[in-house]
Amino acid sequence: MQRRAFLTMSAAAVAGTLAAPAILRAQSRPVIKVGLGPQQPTQADTRRVWEPVYKIVCDRAGADLQLNVANDWAGIAVAIANEQVDVAQMGPWGYVLAKANGGARPINMMLVNGNPYYKALIVGRPGLKISKFPDDAKGMSMQMLDTGSTSGWLVPTYFLRQRGIEPKTFFGRYAEGASAAAAQMATINGQVDLATGWDTHRNTMIKNGMMQADSNQVIWESDPLPNECVVVRKGLDQALADKLQAAFNGLSEDEKKLLPPPYTGFVSTTHQPYEVLEKMGRELGVLKASS
């Protein structure tokens, strides 16, 4: 009986010794905090759509995932700049703000239908008569998105001010801060004459049956703009950032099918494609000249 007890204790001790390294490995596995903007109609929808992709990427980088969804794009820019999150998937202008305010850096650009570029839009309610924009739009109502949005605020504001137009006084009723979907619906329902947005989002709403192609009308579109990007905080270990970048680039064709249409993948990027937006921000006076 004493021998059996000793053998049982020894087996338990050995099992504990063998388990210890595994426990240590589990404890040493880093947790990556990922921040996402309001890409889908609700925060729950955004989480449901993107969590599977980020789990794959973080796992391949040897880390666990903690996913956070913000209420607006400006909130994501603040979070990554203040290093409250490690990784953020964000709009181009939000990234530029995060770089200026906290040294965030991009690792991947997102592809839309295989392309790294998209366009900002200004849409109008059905039946709106505008022959020449922006001249014919004076006195009309305008709904812009929040000031952290590239296509919803930065680009249209820059376009107008380059032509000597101050949006807040040029339009009869001017507002900022709407979500992209709400802005589109406001023109469709005739609540406003004009609203800002971007082609990818509008095309997705059409494809998903949330609106018809003729529910509103495209009044103006920008030159091509660099797509959304995946950004890491200033202090994130470079080796870990490189692993994440490789994981995004290495998604298989089957794994890319997890991406919500029209996103089709990721490519490596640097700051260079976003310099045009940085220039706009400086000329608008919302970025310091040294940023």
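Relative accessible area sorts residues into buried (under 20%), exposed (over 50%) and partly exposed (in between), using a 1.4 Å probe and protein chains only. By this scale Glu 83, at 35% relative accessibility, is partly exposed. This is a predicted model, in which local features need pLDDT of at least 70, side-chain atom pairs count only at pLDDT 80 or more, and totals for chains, interfaces and linings use all residues. Residues are numbered from 1 along each chain as its sequence is written, and side-chain values use heavy atoms, with hydrogens and water left out.

**Backbone geometry**

Helices (H or I, at least four residues) and strands (E, at least two) are DSSP runs, numbered from the N terminus.

- Most residues other than glycine have a negative phi, and most peptide bonds are trans.
- Glu 83 has a positive phi, near 60 degrees, and sits in the loop between helix 3 (73-81) and strand 3 (87-90).
- Asn 113, also not a glycine, has a positive phi of about 50 degrees; this residue lies in the loop between strand 4 (105-112) and strand 5 (117-118) and is exposed at 56% relative accessibility.
- Phe 133 and Pro 134 are joined by a cis peptide bond with omega of about 10 degrees, and Pro 134 belongs to the loop between strand 6 (120-124) and strand 7 (141-145).
- A cis peptide bond with omega of about 10 degrees also links Pro 261 and Pro 262, with Pro 262 in the loop between helix 10 (253-256) and strand 13 (263-268).

**Cysteines**

- The structure holds zero disulfides, a disulfide being a pair of cysteine sulfur atoms within 2.5 Å.
- Cys 58 is buried, with a relative accessible area of 1%, and Cys 229 is buried at 0%.

**Pockets**

A pocket is an open set of points on a 1 Å grid over the protein atoms alone, where a 1.4 Å probe fits, with protein on both sides within 12 Å along at least five of seven lines; lining residues have an atom within 4 Å of a point. A volume is the space filled by probe spheres set on the points, which are joined across faces, edges and corners.

- The largest pocket has a volume of about 620 Å³ and 30 lining residues, with Pro 38, Gln 39, Gln 40, Pro 41 and His 201 nearest its centre.
- Helix 8 supplies the largest share of that lining of the largest pocket, five residues.
- The second largest pocket holds about 220 Å³ of space; among its 14 lining residues, Val 155, Tyr 158, Ser 222, Asp 223 and Met 280 are closest to its centre.
- Helix 5 gives the most to the lining of the second largest pocket, with four residues.
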